[in-house]
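This report describes side-chain contacts and surface charge in one structure. Please view the sequence and the model together before reading on.

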Amino acid sequence: MISYQFIEHGKPLQKVLGETPKPQGTEVLMRVTRSGVCHSDLHIWEGYFDLGGGKRFYVKERGCVPPFTLGHEPFGVVEALGPRAKGGKAGVKVGDKRLVYPWIGCGKCAVCKSGQDNHCVSGSRYLGVNRAGAYATHVLVPDAKYLIDTRGIDDAFAATLACSALTAYSAAQKLPELGAKDEVAVLGCGGLGLIGISVLRAAGAKNIVACDIDDTKLGVAAKLGAKRTVNTRTPDATERLRGIAGALDFVGSPVTAGLGIGALRKGGRYIICGLFGGELVHPLPPIAQRAIGIIGSYTGSLQELKEVVALAKQKKLRPLPVETRPAEQANAALEDLKGGRVVGRIVLDFETVDA
Ligand SMILES: [Zn+2]
Ligand SMILES: [Zn+2]
């Protein structure tokens with residue numbers, strides 16, 4: 001198999017030829033055909049998250065130690081089943097195309113057993129986060145139950161459902177009940193924010209306010225269904241957002257947090273999934289007095305991904321712009337993402353790689 005790995009944090013990925021693993025037990029070996037490139041890949045590649053005040057969280061503390069293969073939006077074809085892999089019930093057989101749910105927990109703790117693998121408390125196995133991911137021709141999946149049939153959805157778009165659409169969907173579930181005139185702000189119109197607008201529309205939200213510092217991205221946001229757009233570099237941005245019922249923060253910086261929380265109406269909720277970094281300093285009494293919610297959201301559950309796939313199959317999710325590039329361009333893709341030059345999502349094509 002071939003993987004694109006970083007051998008050292010922050011250094012260009014290298015093309016590495018390795019032994020293709022044999023699936024053991026319940027494992028399934030997938031031959032990757034498409035692999036989405038996510039903004040959080042940049043943080044893992046660089047090796048840390050910025051906690052503000054000069055503090056950092058290093059990814060090695062959660063088991064991500066180089067050499068490491070990124071990639072948590074895997075899509076591919078079943079290549080081999082382990083001796084105890086449940087082909088039957090899940091209906092998986094060699095040759096089937098499947099989307100992989102990457103937020104795999106230990107499978108044993110009470111949280112995992114309740115179906116919340118993405119909140120696992122005792123040993124997560126998130127693909128491309130602390131287990132080898134899908135910037136590779138092959139990826140091992142611990143169990144067939146994490147494979148989802150996306151027939152009818154374009155393969156590259158299907159890949160992006162595993163992180164960006166799922167994260168947006170799970171965050172949107174945490175909004176307060178919306179009245180007819182209630183507005184929801186989408187903070188940041190990168191890959192997550194743009195699909196977030198589609199997800200909110202599919203969920204029935206009518207008054208979406210797209211916010212970004214890039215007018216090109218705001219233009220795409222308007223096309224996807226945002227009712228109005230706010231360039232947050234303008235000095236009156238908070239005023240223009242004042243009274244929103246909810247904010248989905250796909251950036252997660254002190255600026256976007258200040259904007260989202262500051263503009264909430266009473267009873268509103270600010271939901272953060274972006275991992276840009278920094279810290280939040282906020283006076284305490286108004287949180288109670290304004291009865292606002294500040295809620296974190298991390299990816300989503302397997303069941304939620306199935307719901308997202310169902311929405312996409314019913315054509316209820318307007319696809320965001322997806323650019324498919326040969327896997328050889330993985331480094332350029334990361335650099336473009338880092339430079340803010342990507343509108344929508346880049347998906348790497350691994351069918352172009354000779355394994
Ligand atoms: Zn992601
Ligand atoms: Zn667990």
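Which residues gather in a patch of positive charge on the surface? Arg-84, Lys-86, Lys-145 and Lys-306 form this patch. A patch is made of residues with over 30% relative accessible area and no salt bridge, like charges being joined within 9 Å. Lys-145 is found in the loop between strand E9 (138-141) and strand E10 (147-148); helices (at least four residues) and strands (at least two) are DSSP runs numbered from the N terminus. Lys-145 is partly exposed, at 42% relative accessibility; buried means under 20% relative accessible area, exposed over 50%, and partly exposed in between (1.4 Å probe, protein chains only).

This is a predicted model, in which local features need pLDDT of at least 70 and side-chain atom pairs count only at pLDDT 80 or more, while totals for chains, interfaces and linings use all residues. Residues are numbered from 1 along each chain as its sequence is written, chains are lettered from A and ligands numbered from 1 in the order in which they are written, and side-chain values use heavy atoms, without hydrogens and water.

**Salt bridges**

The structure has 18 salt bridges, each defined as a side-chain nitrogen of Lys or Arg within 4 Å of a carboxyl oxygen of Asp or Glu. Three of them are tabulated.

| Salt bridge | N to O distance |
|---|---|
| Lys-97 and Asp-155 | 2.8 Å |
| Asp-149 and Arg-98 | 3.9 Å |
| Asp-149 and Arg-151 | 2.7 Å |

Salt bridges with shared partners join Lys-93, Asp-96, Arg-98, Asp-149 and Arg-151 into one network. Within it, Arg-98 is buried at a relative accessible area of 7%, Asp-149 is partly exposed at 22%, and Arg-151 is exposed at 64%.

**Aromatic pairs**

A search of the whole structure gives 7 aromatic pairs. Rings of Phe, Tyr and Trp (its six-membered ring) pair if their centres lie within 6.5 Å; planes under 30 degrees apart count as stacked, over 60 as edge-to-face and the rest as tilted. The pair of Trp-103 and Tyr-298 is edge-to-face because the ring centres are 5.7 Å apart and the planes lie at 70°. Trp-103 lies in the loop between strand E8 (97-100) and helix H3 (110-113), and Tyr-298 in the loop between strand E16 (293-296) and helix H10 (302-313), so the pair ties together parts 195 residues apart in sequence. Trp-103 is buried at 2% relative accessibility, whereas Tyr-298 is partly exposed at 29%. Tyr-298 also forms a tilted pair with Tyr-126, at 5.9 Å centre to centre and 40° between the planes.

Conventions:
Patch = residues over 30% accessible without salt bridge, like charges linked within 9 Å, V, L, I, M, F, W, Y side chains within 5 Å. Areas by Shrake-Rupley, 256 points an atom, 1.4 Å probe, with all protein chains shown as cover. Lys, Arg positive; Asp, Glu negative; His and termini not counted. Charge placed at Lys NZ, Arg CZ, Asp CG, Glu CD.
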